Amino acid sequence: MNEPTPIVHVVDDDTSFLTAISRLLRANGFSVKTYSSAHEFLAQRDADSPGCVLADLQMPEMNGLDLQSALTETSNPLPILFLTGHGDIPTSVRAMRGGAEDFLEKRAPQKKLVDAVTRALARGSRERELRARQRELRARFGTLTERELEVLSLVVQGKLNKQIAGDLGIHERTVKLHRTAITTKLKVQSVAELTRLTQEAGIFPESLRTFPKGQ
Amino acid sequence: MSVSACLTLAGIHLLVWVRNRNAWANVLFSLTAFSTAAWAFCELWMMWADTPLQFATVLKWGHVAVWSLVLSLVGFVRLYLKSGRPWLAWTACGLRTSSLLLNFLTGQNLNYLEITRLGHVRFLGESVSIAEGVPNPWMLVGQLSLVVWLIFTTDAAVTTWRRGDRHRALTVGGSIVFFALVSSIQAPLVFWGIIHTPVSASLFFTGLVTVMGYELSGEAVRASQLDRKLQQSEAGLHEIEERMRLAVEGADFGIWVRDLVRNEIWATEKWRALFGFSETERLELDKILERIHRDDRNAFHLMVEKAAEGDGSYQTEYRLVLAGGETRWIDSHGRVEFDGSGKPILVRGVSHEITERKQAEHESQNLRGEIAHAGRVSMMGQLASALAHEISQPLGAILRNAEAAELFLQDASPDLEEIRAILADIRKDDQRAGHVIDRMRGLLKRQDLDKRPVDVAELVGEVVALVRSDATARHVKLELTVADHLPPVFGDAVHLQQVLLNLIVNGMDAIDEVKGGDRRVNVSASLDGPHTVEIAVSDSGPGVPADKLAHIFDPFFTTKPRGMGMGLSISRAIIEAHRGRIWAENQSEGGASFRFTLPIAEEGI
């Protein structure tokens, strides 16, 4: 896959600090984009690009925490790092609960800052890959017919063809045909692989956990 | 008959005078009545005279009675009506006295050079003697004196009438004028031989005496009525006094009066109880002053002296220290009274106890102090927090720029333009940080420093009282040494207290760094030169490392693990805004001493 370069999005109302920190991040080899407010960032950001957000907690109008909650509701919830003049515990606890990657003082040691950004980007790309794979799997499962999905749900429960045929009131032979179609469409070789893939795609969350009755 | 009547009246009014030596009008009236009686007696004698010589002799002596009659009536009018021109009175009396002298020096008497024979006429059914002879021309002097006397009396009566006292003018003035006029018309006609009747002036004068006697007895009745009223009002006065006493005792007021002339002090029972004197103990100023708290005695003296120089009234509050050691707060109002020459002669005062009120005031003051303390602490907290945020921006920018520049310089071919821009930004951010500090210092300077003369002992005392409980809880001995008679300093008490509070709390924090040993903070104030007061806060802590002495007043410089490093820099800003100086030094016996100076409040500032 040809992944675009991840970008560190820095959001701070203090332009002087914004310039300084973007210089430092660039000097450390990151790609940086700067925004002087949370609104500006939300309006300009690329809906599907890798990266992370480095935002000042205390900003007028929309502060860091507001930005965090707005971001989680989008299709591309980039990991967010907070910067603060001086950290106070209640705010940091809220930020971390909201899934903040880290919480840094503006004058935190450079290494700590760079490590935190690196970590955030790594997490971002990990989450991004996960999201991409899920999207791809969902697309694959999307090709299955209603009946095929019904058969699949019983297969992953470990039922035999005969049982499935009984459950659905169809011929055992028809079940076999469906299974062949499923494995072809989902490009899997074994039942084990099929089960893992189904689990990964996150379909049938309920039925997967239900143990077959009478066994 | 008229003789005895006149004598009776004379006797009665003489008695009035005996009982009341100020009743001079009664004496004179008595004299009038007595003279009238004497003259009537002479007239009677003349009527029955056998020889011309006898007639002449009786007439001659009768003039003494006339003389005393005129003089006593002049005096009576002056005293009783309180009017009449003095020169007329003196003229009348002088002329009458002259005629009395002429009576004895010329002819047989004032009226006749010589009585040649006695005639007889019928008078009131009796045959009486009348004189015939050569009239004495000097008789005119006597008649002139009567005319002047009439004018005097008329004038006095008119004045009295105009003054509004019409009753007296009419009864006394009118009757005298009427009877005197009638008698002094009749007598000359007789003496000049124009009509032939006996001299019967006494009849008219008896009438006069009767009217006047009536008037005076009315006076006596009025006096007795007045006396009764006086008794009633005395009873009323007693009632008022009693009510006053009840009110005064009900209100817990003690009253005292100090007679400066006789050097005596009188006080009510309540006052004695208040000041701890028994009911019989003799009150002396020294003994009273002894009971006033040592610190309040001078103020009390000054207050009374000032009152004696001013309008006389004073109001003061002071403490009493009683024998058992009990302290009472007293509120005292008083007034100094002066004699005609403006010399103070009497001081009256009302005192009552206000201990409870004082305690309540003290408590509320403490409470206010604590609130103010909390307010100051939170104000400093907010200030520090705002400052930390504002300053973290430029400082953060400076740090990040410097770090970026370092990295750029590691490049084989560094972008010098970029580095130049970074350096410019660093400079800009440094200035920004500096502005934040300047603004904050300016804030303190400008913050409406409400400068006024401040009593140093009070200032220091209040702060020490404020932290006293804190010190006790931390087992720190808080000492206070304030020099006597310090002049007031010129400053804002609230801000200065903030500085003191900060220094004392710092001192106590420093003591905690030393284990064991003396735990003591001393606050002292003394004069430092003619225009400056120096206040020092010294502790028994470890002292300040010599290399840090110069920096401890810098912002954000702190030696405390959790210190903000703002207290001393704020203190310095405050002291400098007062045109004072603040510094720290280590004491030879150990511990640090923080000192600051303040200008004294000089007149005209």
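Biologist: How many helices and strands make up the secondary structure of chain B?

Modeller: Chain B comes to 15 helices and 14 strands. The model is predicted. Of the 605 residues in chain B, 33% are buried. Among contacts between residues at least 6 apart in sequence, 64% join residues at least 24 apart in chain B.

Biologist: How should I read a nonpolar core, and which residues of the largest one touch the most other members?

Modeller: In soluble globular proteins, nonpolar side chains tend to be buried together. Here the largest nonpolar core has 63 residues, and those touching the most other members are Trp39(B), Val70(B), Val74(B), Val77(B), Ala92(B) and Trp149(B). Elements of chain B that give two or more residues to this core include helices H2 (24–47), H3 (52–81) and H4 (86–105), as well as strands S1 (112–123) and S2 (126–135). H3(B) gives the most, with 15 residues.

Biologist: Which residues does Val74(B) touch, leaving out those up to four places away in sequence?

Modeller: Val74(B) touches Ala89(B), Ala92(B), Cys93(B), Trp149(B) and Phe152(B). A second, separate core has 42 residues, including Phe41(A), Ile80(A), Val117(A) and Ile426(B).

Biologist: How do I check the length of a helix such as H2(B)?

Modeller: Compare the expected span with the distance between the end C-alpha atoms. At 1.5 Å a residue, the 24 residues of H2(B) should span 34 Å, and the end C-alpha atoms are 34 Å apart, so the two agree. As for cover, 20 of the 24 residues of H2(B) are buried.

Biologist: Which residues of H5(A) are buried, and what do they pack against?

Modeller: An α-helix has 3.6 residues a turn, so residues three or four places apart point the same way. In H5(A) the buried residues are Leu113(A), Val117(A), Ala120(A), Leu121(A), Gly124(A) and Arg128(A). They pack against helix H1 (15–27) and strands S1 (7–11), S3 (51–56), S4 (80–84) and S5 (102–105) of chain A.

Biologist: How is a helix crossing described, and at what angle do H13 and H14 of chain B cross?

Modeller: Give the distance between the axes, the angle and the hand. The axes of H13(B), residues 456–473, and H14(B), residues 493–512, come within 10 Å and cross at roughly 40 degrees. The crossing is right-handed. Residues in H13(B) that meet H14(B) include Leu459(B), Val463(B) and Leu466(B), and among those on the H14(B) side are Leu500(B), Ile504(B) and Met508(B). The residues of this contact divide into 13 nonpolar, one polar and one charged.

Biologist: Asn506(B) is also found in H14(B). Why does Asn506(B) count as buried?

Modeller: Asn506(B) counts as buried because 24 C-beta neighbours lie inside 10 Å, where the cut-off is 20 or more. The C-alpha atoms of Asn506(B) and Val521(B) are separated by 9.9 Å, with the two residues 15 apart along the chain.

Biologist: How is an interface sized, and how many residues does each chain put into the contact here?

Modeller: The size of an interface is often given as the accessible area lost when the parts come together. By residues, the contact takes 19 from chain B and 16 from chain A. On the side of chain B, helices H11 (355–409) and H12 (416–446) each supply at least two residues. H11(B) gives the most to that side, with 15 residues. The residues of chain B that touch chain A divide into nine nonpolar, five polar and five charged.

Technical notes
Residues are numbered from 1 along each chain as its sequence is written. Chains are lettered from A and ligands numbered from 1 in the order in which they are written. This is a predicted model: local features need pLDDT of at least 70, side-chain atom pairs count only at pLDDT 80 or more; totals for chains, interfaces and linings use all residues. Two residues are in contact if their C-beta atoms, placed from the backbone, lie within 7 Å. Helices (H or I, at least four residues) and strands (E, at least two) are DSSP runs, numbered from the N terminus. Ala, Val, Leu, Ile, Met, Phe, Trp, Tyr, Cys and Pro count as nonpolar, Asp, Glu, Lys and Arg as charged, and the others, Gly among them, as polar. A residue is buried if 20 or more other C-beta atoms lie within 10 Å of its own, exposed if 12 or fewer, and partly exposed in between; C-beta atoms are placed from the backbone. A nonpolar core is a set of buried Ala, Val, Leu, Ile, Met, Phe, Trp, Tyr and Cys residues joined through C-beta atoms within 7 Å. The expected span of a helix is 1.5 Å times one less than its number of residues. Axes are lines fitted to C-alpha atoms, for helices over the stretch in contact, and angles run from 0 to 180 degrees between N-to-C directions. A crossing is left-handed if the near helix is turned anticlockwise from the far one by less than a right angle, and right-handed if clockwise.
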